[in-house]
Amino acid sequence: MNGTNRTLGRVVLVLVGLVFLALGTAAVLVQLLPAAADVWRTTADRTLGGLRTGAADTSAWWWALGGAVVLGVLALLVLGSIGGGRTGTVLEDDGPDGGLPGQVRIEAAAVEHALSAAITPLPQVASLAVDVRRVRRRTAVRIVVRTRRGAPPRDVVDRVEDVVRDLDALLGQRLPVLLRIVRGGSSRPDRVR
Amino acid sequence: MSAAALPGTDRIATPALVHTAQAVAAEALRAPLREVRARVVDDGRGALAVEVTSPLTLPALGSHAVPDEPVLATAHRARAAIAERFRTITGRKVERVSVTFSSAVLDVPRRVR
Amino acid sequence: MSPADTRPAGTGSADSRPASTSDGSSAAPGSALVTKAPPADADRFLRRIVRRETSAPRTPTVVVAMVLLLVVAAAVGTAAVVALLDERIAGVDPRAVVDAAVRVPAGLLDAVVVAIGAVVALLGLWFLLHGVLPARRPRHAIRSARLGVVVDDEVLASAAARAARSATRLAPDAAVGSVGRRTLDVVLLPASGVDVAVVAATEAVERELAAVDAVPPLAARVRVRSTGRIDG
């Protein structure tokens, strides 16, 4: 659960995929089919003519350079959009107007500790990880629970719902919470405290 | 018992102010003293600002023992209480109190006296 | 009491973007917090998170594609700089390369061009399919009023197997579950000569599935397979 823009990723893959597919098949066709080679030769001179030896006007190469730079920048931007990120702060509040200046801030660690302390003791829970992350400009909480083998998921969901509802009352706000119930579990029948 | 009532300058050294702020905040926020940190700064206009970092004291979630008031409201009242107590003890006026909850501890109910 | 201004902060660790507004309605009595957005919006957000968790990420493929693009951009850029300076790299004049390209297919080996073209085309196809096809992970979502819940299929399988076992008094390893997109299979493996109450097991599994309430909904299928085992 992170801030990566998935739609952008898929669109980019489709575009790049189409371009590569087109170029690759075109190269094969031009090499093997005389008809295609003819078409290529007529169009190539028109489009790439400015890049050939002896071309008087060098502007074509400037265009090529500009295009390469733009392409490189776009690729870097897409790479940069792959986000992830734990958040430092969950809530910041300045208090009622006219009250004492200053703010109250609740950090992610506070919420994480509170949830962890409440969920870890549950009998169905073999292990637990909580973190607060930023997803698409919103703060969300992710709880990853590893249940004991065979434990019914519904029980875990109900208990975590109770805990989160209490958290809602505490914060005065409903944060989006993702609960992941993950495979694997303790093979020991009893937990030793 | 205000020190300002007596004539003369009253200078309290900064570590004492910080410890005072720490103790006052720990009491107002009902947090363990050892885990509360305080910073007392001059906010550039001759007034004091207190910045507190403390664990959030709360009951066990999921046990339906949550207080009827959200944490923010309690914390804002605690901020005012901190400023007030600080001023009573040290005689210095606090213009600004900020509280940051950086972790969480279980609320131990007060013993009934 | 004048309304307070509350904003959940989303400060990333790597950059210094200002705290952004999130939404979430609050109706806590006695505190006047501004409602930023209706709960339906939060629901939609949770549904989106759940959808992201149940589909495979395409990030590695995107990274590969972007790196390739960077390589191409670097190559074209260098060629352009070299050409504009009327220089050569390793004795190769970029203009001569363009000349050769325009004169294709003359002077180039069929095999080489076809091989390169095929590789590029296949790469393109791979990218395209990754981008277009919905990739699913072995997970299911569970309906919940308050949370977004995503469960690994293996957890569902072992929960169903346990439900079946508890209804039939079989040994711990005598029930095996497997989960597909819309069906959940439980195979009971009794020892020879043991009568298994299949109906009870099926009911137990169906009760478990009804409690779980998965999305997409799972249908139970319980069957018995004779193992020829004496004990167990």
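The model is a predicted one, in which local features need pLDDT of at least 70 and side-chain atom pairs count only at pLDDT 80 or more, while totals for chains, interfaces and linings use all residues. Residues are numbered from 1 along each chain as its sequence is written, and chains are lettered from A and ligands numbered from 1 in the order in which they are written.

Two residues are in contact if their C-beta atoms, placed from the backbone, lie within 7 Å. Among the contacts in chain B with a separation of 6 or more, 59% link residues 24 or more positions apart.

Back to B:V52, which is found in strand β2 (residues 48-58) of chain B. Setting aside neighbours within four places in sequence, B:V52 is in contact with B:A25, B:V36, B:A38, B:S98 and B:V99. B:V40 is 12 residues away along the chain, and its C-alpha atom is separated from that of B:V52 by 8.7 Å.

Next, the helices. Two packed helices are described by the angle between their axes and the distance between the axes. The axes are lines fitted to C-alpha atoms, for helices over the stretch in contact, and angles run from 0 to 180 degrees between N-to-C directions. In chain B, the axes of α1 (residues 14-29) and α2 (residues 71-90) come within 9 Å and cross at roughly 140°. That makes α1(B) oblique to α2(B), given that angles under 35 degrees count as roughly parallel, over 145 as roughly antiparallel, 65 to 115 as roughly perpendicular and the rest as oblique. The crossing of α1(B) and α2(B) is right-handed; a crossing is left-handed if the near helix is turned anticlockwise from the far one by less than a right angle, and right-handed if clockwise. Residues making this contact include B:A25 and B:A28 from α1(B), and B:I82 and B:F86 from α2(B). By class, there are 11 nonpolar, two polar and one charged residues in the contact of α1(B) with α2(B). Here Ala, Val, Leu, Ile, Met, Phe, Trp, Tyr, Cys and Pro count as nonpolar, Asp, Glu, Lys and Arg as charged, and the others, Gly among them, as polar.

Chains A and B also meet: 28 residues of chain A are in contact with 26 residues of chain B. On the chain A side, β2 (104-107), α4 (108-119) and α5 (153-171) are the elements that give two or more residues, and α5(A) supplies the largest share, eight residues. That side has 16 nonpolar, six polar and six charged residues. Two strands pair if DSSP finds at least two bridges between them.

The axes of α1(A) and helix α4 (residues 110-132) of chain C come within 7 Å and cross at roughly 155°, which makes α1(A) roughly antiparallel to α4(C). This left-handed crossing of α1(A) and α4(C) has 22 nonpolar, eight polar and two charged residues in its contact. With helix α2 (residues 59-84) of chain C, the axis of α1(A) comes within 10 Å and crosses at roughly 50°, and α1(A) and α2(C) are therefore oblique to each other.

Chain C also has an open sheet of three strands, in the order β4-β5-β7 with mixed pairing. The edge strands are β4 (175-179) and β7 (219-224) of chain C, each pairing on one side only. Five bridges join β4(C) to the antiparallel strand β5 (residues 183-188) of chain C, with C:G177 opposite C:V186 in β5(C). Helix α5 (residues 153-168) of chain C lies across β4, β5 and β7 of chain C, at about 145° to β4(C).

Key:
Helix = DSSP H or I, 4+ residues; strand = E, 2+ residues; numbered from the N terminus.
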